[in-house]
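Keep the view at hand as you read.

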Amino acid sequence: MTRDQLEHAIRAACDVAGDTEVWVFGSQAILGEFPDAPADLRTSIEVDIQPKNRPDKADMVDGALGELSQFYKTFGFYVHGLLMDGAAFPEGWEHRAIKVVDEKSTRGNVGWCVQAHDLAASKLAAYREKDRNFVRTLLVEGMIDAGILIERIDSLKIDEALRERLLLWIQYTAEEL
């Protein structure tokens with residue numbers, strides 16, 4: 001995915017939802033803070049979006065712009081409209097979100113992209129191999145700081161056993177790098 005495609009997704013999701021703002025919270029949220037992110041971080045052809053003021057329209061976004069839609073067939077990427085309540089985010093993440101807006105490409109609509117450290121913490125909380133690889137790349141590329149990531153992990157609402165696992169993973173990975 002490219003930054004241009006992200007901006008297109010923001011515009012299209014806002015149009016479908018009848019909203020002027022969306023949360024962008026999957027891996028492609030990295031394009032908010034890092035428009036030219038390394039290719040390894042941009043392999044996904046989907047962007048996870050929840051309408052900010054109209055979350056009840058997430059299913060409508062998914063139906064109109066999702067994986068089997070004409071949008072996907074036309075543009076080669078899709079918008080996964082869904083609610084954010086299934087993901088864990090560090091306390092205060094909303095205040096750190098990166099604003100993506102442009103009068104032409106988003107038509108003034110705003111995509112609020114989860115900030116890189118918050119995104120990494122959320123990815124690690126899911127603890128899937130692809131998410132750990134994503135975070136490892138962020139660390140290798142110097143796009144996030146291990147110390148800040150630890151602070152964000154500490155503010156996640158997760159059980160302590162998982163928190164300890166994540167903190168050990170960060171420690172071992174940082175030492176490896």
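A pocket here is found on a 1 Å grid over the protein atoms alone: it is an open set of points with protein on both sides within 12 Å along at least five of seven lines, and its lining residues have an atom within 4 Å of a point. The model you see is predicted, so local features need pLDDT of at least 70 and side-chain atom pairs count only at pLDDT 80 or more, while totals for chains, interfaces and linings use all residues. Residues are numbered from 1 along each chain as its sequence is written, and side-chain values use heavy atoms, with hydrogens and water left out.

With that in place, look at the largest pocket. Its lining has 30 residues, and Asp48, Lys123, Arg128, Lys130 and Asp131 lie nearest the centre. Strand S2 (46-51), H6 and H7 are the elements that give two or more residues to this lining; helices (H or I, at least four residues) and strands (E, at least two) are DSSP runs, numbered from the N terminus. About 590 Å³ of space lies in the pocket, a volume being the space filled by probe spheres set on grid points that are joined across faces, edges and corners. The lining divides into 13 nonpolar, ten polar and seven charged residues. In that division Ala, Val, Leu, Ile, Met, Phe, Trp, Tyr, Cys and Pro count as nonpolar, Asp, Glu, Lys and Arg as charged, and the others, Gly among them, as polar.

How covered is H6? Ten of its eleven residues are buried, meaning under 20% relative accessible area, with exposed set at over 50% and partly exposed in between (1.4 Å probe, protein chains only). Among the buried ones are His117, Asp118 and Lys123. The buried residues of H6 pack against helix H2 (30-33), H5, H7, helix H8 (146-154) and helix H9 (160-176).

Follow the chain on to Tyr127, in the loop between helix H6 (116-126) and helix H7 (129-140). Tyr127 has a positive phi of about 55° although it is not a glycine. Its relative accessible area of 23% makes Tyr127 partly exposed. Beyond its neighbours within four places in sequence, Tyr127 is in contact (heavy atoms within 4.5 Å) with Arg132, Arg165, Leu166 and Trp169. Arg107, in the loop between strand S4 (98-100) and strand S5 (110-113), is also not a glycine and has a positive phi of about 55°. In another loop, between strand S3 (78-81) and helix H5 (93-96), sits Gly86, which is exposed at 74% relative accessible area. Its C-alpha atom is 9.9 Å from that of Ala126, 40 residues apart along the chain.

Now turn to the interior. A nonpolar core is a set of buried Ala, Val, Leu, Ile, Met, Phe, Trp, Tyr and Cys residues joined through side-chain atoms within 4.5 Å. The largest has 55 residues, and Val24, Ile30, Val79, Leu149 and Ile153 have the most contacts inside it. Helix H1 (residues 3-17) gives the most to this core, with seven residues. Leaving aside neighbours within four places in sequence, Val79 touches residues including Ala9, Ala13, Val47, Ile49 and Phe71.

Finally, how many disulfides are there? The count is zero, taking a disulfide as a pair of cysteine sulfur atoms within 2.5 Å. Cys14 is in no disulfide, since the nearest cysteine sulfur, that of Cys113, is 11 Å away, too far for a bond. Cys14 is buried at 2% relative accessibility, and Cys113 is buried at 0%.

Conventions: On a 1 Å grid over the protein atoms alone, a cavity is a set of points where a 1.4 Å probe fits but cannot get out, and a pocket is an open set with protein on both sides within 12 Å along at least five of seven lines; lining residues have an atom within 4 Å of a point.
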